[in-house]
Amino acid sequence: MIEAVGLTKRYGAKTAVYNLSFQVRPGAVTGFLGPNGSGKSTTMRMILGLDNPTSGQVTIGGFPYRKLPNAPRQVGALLDAKAVHGGRHARNHLLCLAQLSGIPARRVDEVLGVVGLQDVAKKRSKGFSLGMGQRLGIAAALLGDPQVLLFDEPVNGLDPEGILWVRNLMKALAAEGRTVFVSSHLMSEMALTADHLIVIGRGQLLADQSIKDFISHNSADFARVRTPETEPQQREKLTAALTEAGGQVLPEQDGALRVMGLPLPRISDLAHSADVRLWELSPHQASLEEAYMRMTQGAVDYRSTIDQKAGLQQELPPGAMPPPQLPVAGQGQPGWYAPPPPQQGGQPFAMPQGAPQAGPYGAPGTPGAPGTADVNPYAQPAPQAPAQPPVAPPAPAAPATPDLTKPEDAR
Ligand SMILES: Nc1ncnc2c1ncn2[C@@H]1O[C@H](COP(=O)(O)OP(=O)(O)OP(=O)(O)O)[C@@H](O)[C@H]1O
């Protein structure tokens, strides 16, 4: 198990990671998510003893990495696939790593087979594609047959077959009881691979929960309902009936209705009672991407502000009208990319603040832990922190978090 307690890392004036506490358990794939620059790689480097925390600590199986007996046999990692001596053959590269750790040479050929590089084992890695480099990095991580594995963006540059292979590999490693901690920006892939998520924003913990809970706490499922287009009054009648029954009804661009807060059978019954015919009644489940975008939208540091097509557009002659924009399904609607929270007053952005509290999975809190006495560089006068930040109970909406919508310098 990997355990971080009050982990903080500063680079000069820059706080890359702040007071991060979490556990990564064996037997599951734990996804590590966060926007660019949120501190994922820094956290992974501290786990691997490549960077020293400014305060707090992180241990693997109870030991800081540098104190782990025979660490390469216990922990394998892929941090930067390009960190390879390009002039060396793939096999020689792995052989060097194996010899440094007392791993027998036959294991090198084994892992080359596992990652599918056996045919290019004698080729210099500087000629490798991005995907081949990733495979070589994964081979290096597997070399010591470790119980704990860390992968920073392992599917970066892999083709669909490679992505599927990595997904199955991660799951298989976890199924063998290993601890698998993997970062990725590919939400669709993470949704298929990870069992549990740790999400950070600007170096701080935003969520530590199962994928299922993460999606349900940060997005809302809804039903799409369509009435006959030829009879608009039916749509009005149904909207009134659903609203009266406590549903939230939003018009979709194609004329359908998006209904939240009512189960499908109830919608069907209400339509029947109102004598409204339905052409469509379908369930829509929120995706991990929607939930993630919703949770992290206030913690994104790097966002394009410029319409990249602007410079390509020709100026219109005086008096001319621009051509009509083709509608994009759902775009501009409330909930596009950021569906409403599951319950009014939910606190999907709640982050740990205030008094030390119980850690995830009932781990002890961090009173007196190194780092907790630090001044939070992001702190603003904030109301009561939730008792269990990642899974905030319904409460009157309140900004329990620092204002992450402002750039750090402006706070
Ligand atoms: N050695 C360093 N010196 C100074 N600042 C650093 C250093 N390493 C990281 N940082 C800063 O710390 C912050 C976190 O960086 P980090 O690379 O950990 O983020 P990340 O979540 O891995 O980002 P990405 O998703 O883009 O890979 C960034 O603002 C980065 O500029």
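Which element gives the most to the shell around the ligand? Helix 1 does, with four residues. The legends below start from that site in a predicted model.

**View 1. The whole protein.**
The protein has eleven helices and 13 strands. Of its 411 residues, 46% count as buried. The accessible surface comes to about 20,800 Å². Carbon and sulfur atoms account for 55% of that surface. Contacts reach across the sequence: among those between residues at least 6 apart, 71% join residues at least 24 apart.

**View 2. The shell around the ligand.**
The ligand is surrounded by 13 residues. The closest are Asn 36, Gly 37, Lys 40, Ser 41 and Thr 42. By class, the shell holds three nonpolar, seven polar and three charged residues.

The side chain of Asn 36 places an N or O atom 2.8 Å from an oxygen atom of the ligand. Ser 38 uses its backbone instead: an N or O atom there lies 3.1 Å from a ligand oxygen. Arg 45 has a side-chain N or O atom 3.4 Å from a nitrogen atom of the ligand. Taken alone, the ligand exposes 640 Å², and the protein buries 64% of that. Two elements give two or more residues to the shell: strand 2 (14-24) and helix 1 (40-47). Helix 1 gives the most.

Asp 51 is found in the loop between helix 1 and strand 4 (55-60). Is Asp 51 buried or exposed? Its relative accessibility is 16%, so Asp 51 counts as buried; the cut-off for buried is under 20%. Its side chain makes a polar contact of 2.7 Å with the side chain of Tyr 11. Another polar contact, of 3.0 Å, joins the side chains of Asp 51 and Arg 45. Arg 45 also has the side-chain atom 3.4 Å from a ligand nitrogen. Leaving aside neighbours within four places in sequence, Asp 51 is in contact with Lys 9, Tyr 11, Arg 45, Met 46 and Arg 66.

**View 3. Thr 59, in strand 4.**
Strand 4 holds Thr 59. With a relative accessible area of 11%, Thr 59 is buried. Apart from neighbours within four places in sequence, Thr 59 is in contact with Met 1, Ile 2, Glu 3 and Pro 64.

**View 4. Ile 200, in strand 8.**
Ile 200 has its place in strand 8 (residues 196-201). Its relative accessibility is 0%, so Ile 200 counts as buried. Which residues does Ile 200 touch, not counting those up to four places away in sequence? They are Leu 20, Phe 32, Leu 33, Gly 34, Pro 35, Ser 38, Gly 39, Lys 40, Thr 43, Leu 205 and Leu 206. Ser 38 is also the residue with a backbone N or O atom 3.1 Å from a ligand oxygen. Lys 40 is among the residues closest to the ligand. Ile 200 and Tyr 18 are 182 residues apart in sequence, yet 9.9 Å apart in space, C-alpha to C-alpha.

**View 5. Helix 6 and its cover.**
Helix 6 runs over residues 160-175. The buried residues of helix 6 are Gly 162, Ile 163, Trp 165, Val 166, Arg 167, Leu 169, Met 170, Leu 173 and Ala 174. Their cover includes strand 3 (28-33), helix 4 (105-114), helix 5 (130-142), strand 6 (148-152), strand 7 (179-183) and helix 7 (187-193). Just after helix 6, Gly 177 takes a positive phi of about 90°.

**View 6. Asp 145, in the loop between helix 5 and strand 6.**
Asp 145 sits in this loop. Asp 145 is not a glycine, but has a positive phi of about 50°. At 42% relative accessibility, Asp 145 counts as partly exposed.

Asp 275 has a positive phi of about 60°, although not a glycine. Its relative accessible area is 59%, so Asp 275 is exposed.

Terms used
Residues are numbered from 1 along each chain as its sequence is written. This is a predicted model: local features need pLDDT of at least 70, side-chain atom pairs count only at pLDDT 80 or more; totals for chains, interfaces and linings use all residues. Side-chain values use heavy atoms; hydrogens and water are left out. A residue is near a molecule or strand if one of its heavy atoms lies within 4 Å of it. A polar contact is a pair of N or O atoms within 3.5 Å; within protein, one must be able to donate a hydrogen and the other to accept it, and residues adjacent in sequence count only if both atoms are side-chain atoms. Accessible areas come from the Shrake-Rupley method with a 1.4 Å probe; for residues, only the protein chains shown count as cover. Ala, Val, Leu, Ile, Met, Phe, Trp, Tyr, Cys and Pro count as nonpolar, Asp, Glu, Lys and Arg as charged, and the others, Gly among them, as polar. Buried means under 20% relative accessible area, exposed over 50%, partly exposed in between (1.4 Å probe, protein chains only). Contact means heavy atoms within 4.5 Å. The expected span of a helix is 1.5 Å times one less than its number of residues.
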